[in-house]
Protein chains: 2
Amino acid sequence: MNRTDMIYSPNKVTLREVGLRDGLQMVSVLPSTDGKKAWIAGEYAAGIRHFELGSFLPKNKYPAFADIEEIISFTSNLPDAHGAALSPNLRGSEMAMASGVAEVHCVISATEAHNQANLRRSRQQTLDEIAEVFAFREQSQHQPLIGVGIAMSFGCSISGTVEPEQVLALAVQLLEMGADIISIADTVGYAGPTQVAHLTAKLRELADGKPFGVHLHDTRGMGMANAAAALGEGVRILDASLGGLGGCPAAPRASGNIVMEDLAFLCHSSGFDTGVDIEKLIEVRNILTSEMPSEKLHGAIAQAGLPVTSNNSAESMMQNS
Amino acid sequence: MNRTDMIYSPNKVTLREVGLRDGLQMVSVLPSTDGKKAWIAGEYAAGIRHFELGSFLPKNKYPAFADIEEIISFTSNLPDAHGAALSPNLRGSEMAMASGVAEVHCVISATEAHNQANLRRSRQQTLDEIAEVFAFREQSQHQPLIGVGIAMSFGCSISGTVEPEQVLALAVQLLEMGADIISIADTVGYAGPTQVAHLTAKLRELADGKPFGVHLHDTRGMGMANAAAALGEGVRILDASLGGLGGCPAAPRASGNIVMEDLAFLCHSSGFDTGVDIEKLIEVRNILTSEMPSEKLHGAIAQAGLPVTSNNSAESMMQNS
């Protein structure tokens, strides 16, 4: 088995906790470093192994990620835990590589307008920088995996409609450049399940055995339907955050990331193994509530509890169907 | 075209507003009769044509439905509007027929235990009563459609697992007895999309052209994923309530019905025509808030707004995919 398949097993569904990165972009009171560690340890105990731990951004402007090296180091010490850090540019990637993080996650937008708005450079400049990141990895000590997320893959709040061909062409280019993982993001929650099924099916063909994932937002209530559509088309890596932590800058009252514990229930209800104990996962919400008391947590399973028919952690309801 | 197909067009998706029945079972302050009329008129103006208007239950014990005849009469006067009333027993069905309502909706549970708990009689007794309802219709002046909903079709909070064969056998029996519409209900929100796809596909075969629908709850966050799965297997009748009004008696903190306006967005995003204007629908939430200020309304589209790529009322995003 190659290294990427060992980290992202093709035989189970990988749930990536992105709350420590995407979830912290809009919170009013930041969690303490110890709080972050308790959060990670709690989810780890519940079976989560993949964490996006923060962004390498200027620490004075982005205090949410000022402790990122300590958080990376903490996560590295948990057996089989896989930490990733987002890097918006070459400087960030250099810092990420120096940190010893297991995966550097680069970003590019499907649309020129959003790439400019988000990263303040053209898509071509971002592609050039990502090429430098790959080159830089060759000389790095830790040789992290490099994943690339394509923002606004399902529609753009600035440019409107995004053609699937536009996203797929970018994915091909990134795979040819050497990306280990490609992720397509519904950054502003525009997608519906038919669209998700269509694009992920095409991406699966292109990826040709390389892992690929989806980063979905529940901004318009389609999160779980979109996740189900992605699973149906062979996606085995899905981003989510505990309690759906993380809003949407483009729609301040709306929710952001899809809810991790509900997503785990979705997976189990369709017979996918995630390795996650949902009841233990729900308990970790208490850490978030105590660290960030003003943040509203989302999620239905946490309120309603598991069905009496559920076995909590594995192929719960396939025997019914 | 036969009468049922005129009411439940096979060429579009019918969204049934059940908030006036299912939604009112747990509210603390009831809406006024005028408030109900404004609610119906508002949704009608937004394109909704199918309403479940209440239950025929003893008026002294169930004040939520004390004005049901007036509400039925009001709805009958809206061109092409189709009102249904739930009837838990023969006496209720007789009252429903006398009211002139366009459809009588009977209920039975997939499990013996829930039928006893909900209707205080055996399933066989309920089947016998439903047979009498069909016989009674023959002599009735208005000859309403008769629909039957099968509660707990996806799992039961009392009996646990429900075998699909159990539900399908009941559906066959009801269709043979003369049911015009069969609806399968995820009464306590236990279903996942794989289970929904499996059962609705089988029901479609059995229904053999007769309309069939799903009544889904969002109790465990799977509502939209389940609705997408049902649509994918040919379901063209879905129940929902504006703002997701209606809790779950079995899980008091949890949400109940799936959110009508989010469901309309789901349908449009997958290219299904519903005839609904989502922005107009969202405005009707104000009536619910003013009539029932203590009720929490759910829904993502109402908070986030439609995507800039959406055309609001028809096959919005199919051009993307």
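How many bridges join strand β4 (residues 103-109) of chain B to strand β5 (residues 145-151) of chain B? The two strands run parallel, and 7 bridges join them. This is a predicted model: local features need pLDDT of at least 70, side-chain atom pairs count only at pLDDT 80 or more, and totals for chains, interfaces and linings use all residues. Residues are numbered from 1 along each chain as its sequence is written, while chains are lettered from A and ligands numbered from 1 in the order in which they are written.

**The barrel in chain B**

- In chain B, 8 strands close into a barrel, in the order β1-β2-β3-β4-β5-β6-β7-β8. Their pairing is parallel. Two strands pair if DSSP finds at least two bridges between them.
- Strands here are DSSP runs of E with at least two residues, and helices are runs of H or I with at least four; both are numbered from the N terminus.
- On average, neighbouring strands of this sheet are turned by 25 degrees against each other, direction ignored. Axes are lines fitted to C-alpha atoms, for helices over the stretch in contact, and angles run from 0 to 180 degrees between N-to-C directions.
- Helix α3 (residues 68-76) of chain B packs on the sheet and touches β2 (50-55) and β3 (82-87) of chain B. The direction of α3 makes about 165 degrees with that of β2(B).
- V107(B) stands opposite G149(B) in β5(B).

**Strand β5 in chain A**

- Strand β4 (residues 103-109) of chain A pairs with β5(A) in the parallel sense, over 7 bridges. H105(A) stands opposite G147(A).
- On β6 (residues 181-185) of chain A, 4 bridges join the strand to β5(A), and the two run parallel. There, I181(A) is the bridge partner of G147(A).
- From β5(A) the chain crosses through α7(A) to β6(A), and this β-α-β crossover is right-handed. That means a clockwise path from the first strand over the helix to the second, with the strands pointing away from the viewer.
- Because 7 of the 7 residues of β5(A) are buried, the strand is largely enclosed by the rest of the structure. Buried means 20 or more other C-beta atoms within 10 Å of the residue's own, exposed 12 or fewer, and partly exposed in between; C-beta atoms are placed from the backbone.
- In a regular strand the side chains alternate between the two faces of the sheet. L145(A), G147(A), G149(A) and A151(A) point one way from β5(A), whereas I146(A), V148(A) and I150(A) point the other way.

- Q143(A) is not a glycine, yet has a positive phi of about 45 degrees. Q143(A) lies in the loop between α6 (123-139) and β5 (145-151) of chain A. Q143(A) counts as exposed because it has 12 C-beta neighbours inside 10 Å.
- M152(A), also not a glycine, has a positive phi near 60 degrees. M152(A) sits in the loop between β5 and α7 (164-177) of chain A. M152(A) has 27 C-beta neighbours inside 10 Å, so it counts as buried.

**Two chains, one interface**

- 45 residues of chain A are in contact with 46 residues of chain B. Contact means C-beta atoms, placed from the backbone, within 7 Å.

Note on methods. Two residues are in contact if their C-beta atoms, placed from the backbone, lie within 7 Å.
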